[in-house]
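This report describes a protein structure for a reader who is new to the subject. Please look over the sequence and the model before reading on.

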Amino acid sequence: EQANKELKAEQQKRVSDDIGISIATTFELNSLMDILANDLPRLGLSQGYLSLYENPEAYNYPQLAPEWSRLVLSYDKKKSAKSSRIELKPGGQRFPTRKLVPENILPLHRPYCLVVLALYFRNNQIGNLLLQGDHQQVSLYDSLRVQISSALEGSSLMKQTNLHNKQLDKIVTETLSTSEEVQTTISETSKQAQAVSDAAQESIN
């Protein structure tokens with residue numbers, strides 16, 4: 001029995017490492033959620049719910065979690081053998097953070113046990129992850145928490161960078177457009193000034 005436990009732990013570690021590599025190189029949120037929905041059940045975690053805080057602020061004790069969250073991942077391997085991910089509204093399903101998940105999301109027809117993992121990166125609050133599984137697997141859950149938190153932070157930073165680049169491109173485009181308009185105005189003004197000068201010269205002559 002001890003040998004089986006050690007073998008299972010080793011297999012879980014390999015799968016966990018594979019998941020960590022996959023999500024570490026994925027910066028698009030929906031693709032990241034697809035990976036988690038497909039791969040977490042390989043660890044025996046057949047049910048999971050990931051929520052992101054709305055407008056999170058840097059944490060300062062004893063600050064409370066943000067009032068609202070959005071459920072961006074809901075999967076239940078026992079519901080479907082093909083695709084365990086449950087479709088949600090674009091942008092996620094909004095709900096009060098204190099409820100952990102939106103109403104009517106959790107299954108009613110069977111018992112289950114969920115472990116709640118707080119997702120954060122340094123003092124940046126991110127959200128919560130609820131997973132079904134053995135609550136005694138502390139090291140596995142802690143490893144997943146760190147990996148998923150880091151991946152979500154990377155996704156958020158990439159989104160901010162892309163938004164910043166788009167805003168910068170817009171500013172540059174508007175500046176160039178304004179510059180062209182200024183150059184055109186200067187040219188027209190110069191022509192008009194030259195015409196006035198020529199007319200004045202002819203008048204004098």
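Helix H1 gives seven residues to the lining of the second largest pocket, the largest share of that lining. The model is a predicted one, in which local features need pLDDT of at least 70 and side-chain atom pairs count only at pLDDT 80 or more, while totals for chains, interfaces and linings use all residues. Residues are numbered from 1 along each chain as its sequence is written, and side-chain values use heavy atoms, with hydrogens and water left out.

**Pockets**

A pocket is defined on a 1 Å grid over the protein atoms alone, as an open set of points where a 1.4 Å probe fits, with protein on both sides within 12 Å along at least five of seven lines; its lining residues have an atom within 4 Å of a point. Grid points are joined across faces, edges and corners, and the volume is the space filled by probe spheres set on the points. In the classes used below, Ala, Val, Leu, Ile, Met, Phe, Trp, Tyr, Cys and Pro are nonpolar, Asp, Glu, Lys and Arg are charged, and the others, Gly among them, are polar.

The second largest pocket holds about 200 Å³ of space. Its lining has 13 residues, and Ala9, Gln12, Lys13, Ser139 and Leu140 are the closest to its centre. Two or more lining residues come from each of helix H1 (2-24) and H3.

The largest pocket holds about 970 Å³. Of the 34 residues in its lining, Leu29, Leu52, Val72, Ser156 and Lys159 lie nearest its centre. At least two lining residues come from each of helix H2 (29-39), strand S1 (47-53), strand S2 (68-76), strand S5 (124-132) and helix H3 (138-204). H3 supplies nine residues, the largest share.

| Pocket | Volume | Lining by class |
|---|---|---|
| Largest | about 970 Å³ | 15 nonpolar, 10 polar, nine charged residues |

**Overall fold**

The protein has three helices and five strands, in the order α-α-β-β-β-β-β-α along the sequence. Helices (H or I, at least four residues) and strands (E, at least two) are DSSP runs, numbered from the N terminus. Of the 205 residues, 34% are buried; buried means under 20% relative accessible area, exposed over 50%, and partly exposed in between, with a 1.4 Å probe and protein chains only. With contact meaning heavy atoms within 4.5 Å, 60% of the contacts between residues at least 6 apart in sequence join residues at least 24 apart.

**Helix H1**

The 23 residues of H1 should span 33 Å at 1.5 Å a residue, and this agrees with its end C-alpha atoms, which are 33 Å apart. The expected span is 1.5 Å times one less than the number of residues. The buried residues of H1 are Gln12, Val15, Ser16, Ile19, Gly20 and Ile23. An α-helix has 3.6 residues a turn, so residues three or four places apart point the same way.

**Backbone details**

Most residues other than glycine have a negative phi, and most peptide bonds are trans. Tyrosine 61 and proline 62 are joined by a cis peptide bond, with omega about 0°; proline 62 is in the loop between S1 and S2. Asparagine 104, in the loop between strand S3 (93-96) and strand S4 (114-121), has a positive phi near 65°. Asparagine 104 is exposed, at 76% relative accessible area. Arginine 122, in the loop between S4 and S5, has a positive phi near 55°. Arginine 122 is also exposed, at 72% relative accessibility.
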